[in-house]
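Have the coordinates open and follow along.

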Amino acid sequence: MGFFNKLKEAALKEAKKKIMEELGLGGDDDETKPTMTTEEFEKTKPDELRKDIRMISGCQDRQTSADVSNVSSFQLPDPAGKAGGACTSTLLNILYADEHVPEDDLSFVEVLEEMRIKLKSGGYSQIPQLSSMNPIDVNTKFDLVPDTATGTRRAVMIGINYIGDDPGELSGCWNDVLNMKKYIIDVHGFEEENIVILMDDGIHTEPTKANIIDAYKTIIAQAEENDAIFLHYSGHGTKLRDDDGDESDGYDEALVPRDFQTSGMIRDDDLYELLFKNLPDGVHMTSLFDCCHSGTILDLPYLFKGDGSQTEMTLDPNMNLDAFIEKLTGKLMEFLQAKMAASLSL
């Protein structure tokens, strides 16, 4: 962390301490303060953090994703080769095997835990995760698009195989996009004209950093209340040294565009600016990131891991909520005041 980032972190801590002292609660000791409950967070968080945003990721931050060597083994069509991403292929195997949906509705718990079982049986160590801006009852029906999203359904789908890169070339990312595209059209009613595809196949729009950013900006600008947005990314993910002091582990997660060597990565901080801040109220957004280190690439506060260790979604214990609130809303001080006032009223 650089000198100015240290000053920023120190200033935040000093401001928190001052507010708590004004409320008569003494200093803020990060080592001894109790964990915030879901009820407490929901009661005091800024309204900007009540947007309907969800993310499915292929693995935890510390894990890497993987290619499936033969998509046909997962009962999927194979429109562009033999390989597919492990997360995407497994999810579609559960939701769309042989291009049919299951007869019975599946819950979020059932889908994620079944994903983990299938991944493990295939020799993959990945643990799929569901994260959200708001708490979700994970025992309810799994759906990429809720019934309340009655408006236009739009998607941005990105598949990058990094053709010619050695090392680094992948083989399953085009499959991921084409298979998932068919699923959202057939099952969720997306229309071709509202789906933007970026792939490095020489046919579709090239997934450069500038083109990805433009696609994300456009889909947010087009969105209106009751619309649904689906974002799908299959490619490389990575971790970079945190450059603004907002990550508890000291690293930013990042997407790797096709021209990363000349244009750089797309950090999680960039995704906040592109996707969150201007998302209209009443729009539902679901993202599926099938890439390495994708567990918290959107840093959403609520988390459910599909490894059997959880029965409900909870606040991510490793998340820096203060930095998250300040980054998205600039209202950290107001949040702390509301939190302390609520604690005094108990």
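The dialogue below goes from the whole chain to single residues.

Q: What kind of model is this, and how are its residues numbered?
A: This is a predicted model, in which local features need pLDDT of at least 70, side-chain atom pairs count only at pLDDT 80 or more, and totals for chains, interfaces and linings use all residues. Residues are numbered from 1 along each chain as its sequence is written, and side-chain values use heavy atoms, with hydrogens and water left out.

Q: How many helices and strands are in the chain?
A: Helices (H or I, at least four residues) and strands (E, at least two) are DSSP runs, numbered from the N terminus. Here the chain holds 10 helices and 13 strands.

Q: What percentage of the residues in the chain is buried?
A: Buried means under 20% relative accessible area, exposed over 50%, and partly exposed in between (1.4 Å probe, protein chains only). Of the 346 residues in the chain, 52% are buried.

Q: What share of the contacts joins residues 24 or more positions apart?
A: A contact means heavy atoms within 4.5 Å. Among contacts in the chain with a separation of 6 or more, 71% link residues 24 or more positions apart.

Q: How does the reach of helix 4 compare with the span expected?
A: The expected span is 1.5 Å times one less than the number of residues. Helix 4 (residues 108-121) has 14 residues. From first C-alpha to last it reaches 20 Å, close to the 20 Å expected. Gly-123 follows helix 4, with a positive phi near 90°.

Q: Which residues of helix 4 are buried, and what covers them?
A: Phe-108, Val-109, Val-111, Leu-112, Met-115, Arg-116 and Leu-119 are buried. Their cover includes strand 1 (52-57), helix 3 (86-95), strand 4 (129-132) and strand 12 (302-305).

Q: What does Met-115 touch?
A: Met-115 is found in helix 4. Its relative accessibility is 0%, so Met-115 counts as buried. Leaving out residues up to four places away in sequence, Met-115 touches Cys-87, Thr-90, Leu-91, Ile-94 and Pro-128.

Q: Is strand 5 largely enclosed or open, and why?
A: Count the buried residues. In strand 5 (residues 153-159), 6 of the 7 residues are buried, so the strand is largely enclosed by the rest of the structure.

Q: Which strands pair with strand 5, and in what sense?
A: Two strands pair if DSSP finds at least two bridges between them. Strand 5 runs parallel to strand 7 (residues 228-234), joined by 7 bridges. Gly-159 has Ser-234 of strand 7 as its bridge partner. Strand 5 also pairs with strand 6 (residues 195-199), in the parallel sense over 5 bridges. There, Met-157 has Ile-197 as its bridge partner. From strand 5 the chain passes through helix 5 (residues 173-188) to strand 6, a right-handed β-α-β crossover. Right-handed means that, with the strands pointing away from the viewer, the path from the first strand over the helix to the second runs clockwise.

Q: Which residues have the most contacts inside the largest nonpolar core?
A: In soluble globular proteins, nonpolar side chains tend to be buried together. A nonpolar core is a set of buried Ala, Val, Leu, Ile, Met, Phe, Trp, Tyr and Cys residues joined through side-chain atoms within 4.5 Å. The largest one here has 83 residues, and Ile-184, Tyr-216 and Phe-276 have the most contacts inside it. Helix 5 gives the largest share of this core, 6 residues. Beyond four places in sequence, the residues that Ile-184 touches include Ala-155, Met-157, Ile-195 and Phe-230.

Q: How many salt bridges are found in the whole structure?
A: A salt bridge is a side-chain nitrogen of Lys or Arg within 4 Å of a carboxyl oxygen of Asp or Glu. The whole structure has 14. One of them joins Glu-114 to Lys-118, with the closest N and O atoms 3.6 Å apart. Glu-114 and Lys-118 are 4 residues apart in helix 4, which means a separation of about one helical turn.

Q: What does the pair Lys-181 and Glu-192 tie together?
A: Lys-181 forms a salt bridge with Glu-192, and their closest N and O atoms are 2.5 Å apart. Lys-181 lies in helix 5 and Glu-192 in the loop between helix 5 and strand 6, so the pair ties together parts 11 residues apart in sequence. Lys-181 counts as buried, at 15% relative accessibility.
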